[in-house]
Amino acid sequence: MGNIVTVSEVCKRYGKVQALRGVSMEVAEGEIFGLIGPDGAGKTTLFRILATLLLADSGTATVDGLDVRRDYRKIRRCIGYMPGRFSLYQDLTVRENLEFFATTFNTTIERNYHLIEDIYRHIERFKHRRAGKLSGGMKQKLALSCALIHAPRVLLLDEPTTGVDPVSRKEFWEMLFRLKTQHGITIVVSTPYMDEAMKCDRIALVQNGHFLKIDTPAAITGSYAKSLWSVRSEQMHRLLDDLRQWPGADTVFSFGETYHVTIKNGYDSEQLQHHVAHCGHQQVLVQHIEASIEDAFMALSD
Amino acid sequence: MNQLKSFVTKEFRHIFRDVRTMMILLVLPVVMVLLFGYVITTEVKDIRLAVVDLSHDELTQQVIDRFSQNHYFILTGSAASAAAGRAMLEHDQADMVVVFGENFAQEIVHSRQASVQLLVDGSEPNQAAARAAYAQQLLLSVAQELSATMGIEQQFQIAPVTHALFNPNLRSEFNFVPGNMGMILMLICAMMTSVSIVREKETGTMEVLLASPLPPLVIIIAKLVPYFVISFINLVTILVLCKYLLGLPFAGSLPAFMGISIIYLIVSLSLGLLISTLVRTQLAAMILSLLLIIPTIYFSGMTFPIESMPVMYQHVSACIPARWYVAAVRKLMIQGVEVRHVMRETAILATMAVVLVSVSLATFRKRL
């Protein structure tokens, strides 16, 4: 299978802010490609360039073999774009929004109903409700339906699950899988959630307008070279300072309810455990763990 | 075509679902017409008149008597000189001073022409014009009468007379209606169009629309159509109110009036479109549109007569579309002139429309 999206050395600057500093990537047909990174990394800018809404300062990009600068009209017919914030008409009903976007693309709901059926049936019972009155998860399902109604070859989803409850997030990702497997739609998706990164076929780690790395999630976590330990105790706040003062600690990051610690050469976990106990911590738990995407991200962004 | 139809439907839904805005759109013109028609009236009554009679003869006395008999005028006093009369104006003891020259009677008898000086308080141009018009009218009828009684075959003149042929009483609402239409249509077209486009930018829906295959022209036309329709309804509302409520006769050609109104609507709509390409927030669009209304009020001739403006302001007023529209509507509606007499206004408005439409189409961005 060929590459349906290619980005080559793309730079984009807004005034003094350099949003993209020469990024390149290739997305194969039929894969879910994730852009992973914090806010302000440049993900939205890249989406807008791919959606032909912005022009890159330098570099080239193609979607389905079409140049984003020259063939923008054709590209607009074959992409489904879902911007980062909810961008449907809040004062129109669910059904009216869907109908409007269908006619916008010169199609009808009936013609491509098979594509959205799986998603739309979640919100169909609210079809006469105004979109502004839907919950966050429902809104995203409607937005996805609207982005899909014209059977696009590529879906560009900019942080579709931000601000969505965990159950709806899970459902949303299941829908993306089905779109990929049943309909062969290529999906480029960005997310700030590292757990969602694992669900992508390949991911690009984005920071400050750079791609740190592009690979499969497994390869990225697998390439994590250091030995990683999870540490917790009863007094988490004091523990952070104590860990940072230990000469054997290479990096210490807060990670949910624990700290992830990497150990320098010449030290080992027993010394770590000893140090923590020596500092007077109770109920200390030190475990060796596999690196997650976030650990890999932290390590790469150093 | 389907795209356009569905987009226009969507626009109308936005309007109908925002009940408050829709009510304002439909009720505003009614309120404006009633307000200007009944409440804010420049109709003049009880003109306080001071007389400066340097001639002291039978003729001037007759003229003065006629003024005092007329119920529009109240004789408040007399002065010994023109300067003294002017002082009365300055001290607000009179609204108007009539000055008869020393040789008034002689001039009439010998040359059949005598001049009378009318001094009016010009700080309120509309009222001053109206007062002067009353006085001139009165002088004219006095002159006619006197010539008849004196048995002079050839009629003599007392003053340069401008008879207000089309609105004999200078009823103020007649003059306000065209100005009102110019303002309301500009307000609704420019403000509502720009706000509705900028709203899509602000809420992010424009991003989706631009990333879709909708041609920008469809977006633009679909945005203009609903406000064109609403403005047209307003236009008809104003006409009906004028005819049946204010009793304003529609003197001229209705098709010509509609034609020039449509051109003016296009000008106003494209101004709204232009505003929408310049700003990013609804608030900014609203402020810019309001800034458009201010010159419309002051420079269109609806509040201040263009003739009494300084030359520089007259040039400014030439750039205001409402000026030409108001002028044309006055001619067509009140004076009832033939269509060829409004060709100049029509041509200027049409040129403005072409320029504005092309500029706003050219500046409408196909990307973010």
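**Confidence**

I began with the confidence scores of chain B, which averages a pLDDT of 82. I noted that 89% of its residues score at least 70. This is a predicted model, so I read the scores before anything else. For the complex, the predictor gives an ipTM of 0.88 and a pTM of 0.78.

**Chain B overall**

I took the domain bounds next. Domain 1 of chain B is made of two segments, 2-40 and 171-363. Domain 2 of chain B covers 47-150. I looked up the separation of their centres over C-alpha atoms and got 43 Å. I count 14 helices and four strands in chain B. Of its 368 residues, 40% count as buried. I also checked sequence separation in the contacts of chain B. Among those between residues at least 6 apart, 76% join residues at least 24 apart.

**Strand S3 of chain B**

I turned to S3(B), residues 96-100. How many of its five residues are buried? I found five of five. I checked each face in turn. B:Met96, B:Val98 and B:Phe100 lie on one side, and B:Val97 and B:Val99 on the other. Both faces are covered.

I then followed the pairing. S1(B), residues 47-53, runs parallel to S3(B), and five bridges join them. S4(B), residues 116-120, runs antiparallel to S3(B), and five bridges join this pair. I used B:Met96 to see both pairings at one residue. B:Leu49 stands opposite B:Met96. In S4(B), the bridge partner of B:Met96 is B:Val120.

**B:Thr193**

I picked B:Thr193, which sits in helix H7 of chain B, residues 172-203. Is B:Thr193 buried or exposed? B:Thr193 counts as buried because it has 28 C-beta neighbours inside 10 Å, and the cut-off for buried is 20 or more. I listed its contacts, leaving aside neighbours within four places in sequence. They are B:Lys223, B:Leu224, B:Tyr227, B:Leu269, B:Gly272, B:Leu273 and B:Ser276. I also checked B:Ala285, 92 residues away along the chain. Its C-alpha atom is 9.4 Å from that of B:Thr193.

**Where chain A meets chain B**

I moved to the interface. There, 24 residues of chain A are in contact with 19 residues of chain B. Which elements of chain A each supply at least two residues to its side? I found helix H2 (72-78), strand S6 (79-82) and helix H3 (94-104). H3(A) gives the largest share, four residues. I sorted the residues on the chain A side by type: twelve are nonpolar, five polar and seven charged.

**Positive phi in chain A**

Most residues other than glycine have a negative phi. I looked up two non-glycine residues with positive values. A:Asn106 has a phi near 55°. A:Asn106 lies in the loop between H3 and helix H4 (113-120) of chain A. A:Asn106 counts as partly exposed because it has 14 C-beta neighbours inside 10 Å.

A:Glu159 has a phi near 45°. I placed A:Glu159 in the loop between strand S7 (154-157) and helix H6 (166-183) of chain A. With 22 C-beta neighbours inside 10 Å, A:Glu159 counts as buried.

Notes
Residues are numbered from 1 along each chain as its sequence is written. Chains are lettered from A and ligands numbered from 1 in the order in which they are written. This is a predicted model: local features need pLDDT of at least 70, side-chain atom pairs count only at pLDDT 80 or more; totals for chains, interfaces and linings use all residues. Domain bounds come from an automatic or database domain assignment. Two residues are in contact if their C-beta atoms, placed from the backbone, lie within 7 Å. Ala, Val, Leu, Ile, Met, Phe, Trp, Tyr, Cys and Pro count as nonpolar, Asp, Glu, Lys and Arg as charged, and the others, Gly among them, as polar. A residue is buried if 20 or more other C-beta atoms lie within 10 Å of its own, exposed if 12 or fewer, and partly exposed in between; C-beta atoms are placed from the backbone. pLDDT is the predictor's confidence in each residue, from 0 to 100. Two strands pair if DSSP finds at least two bridges between them.
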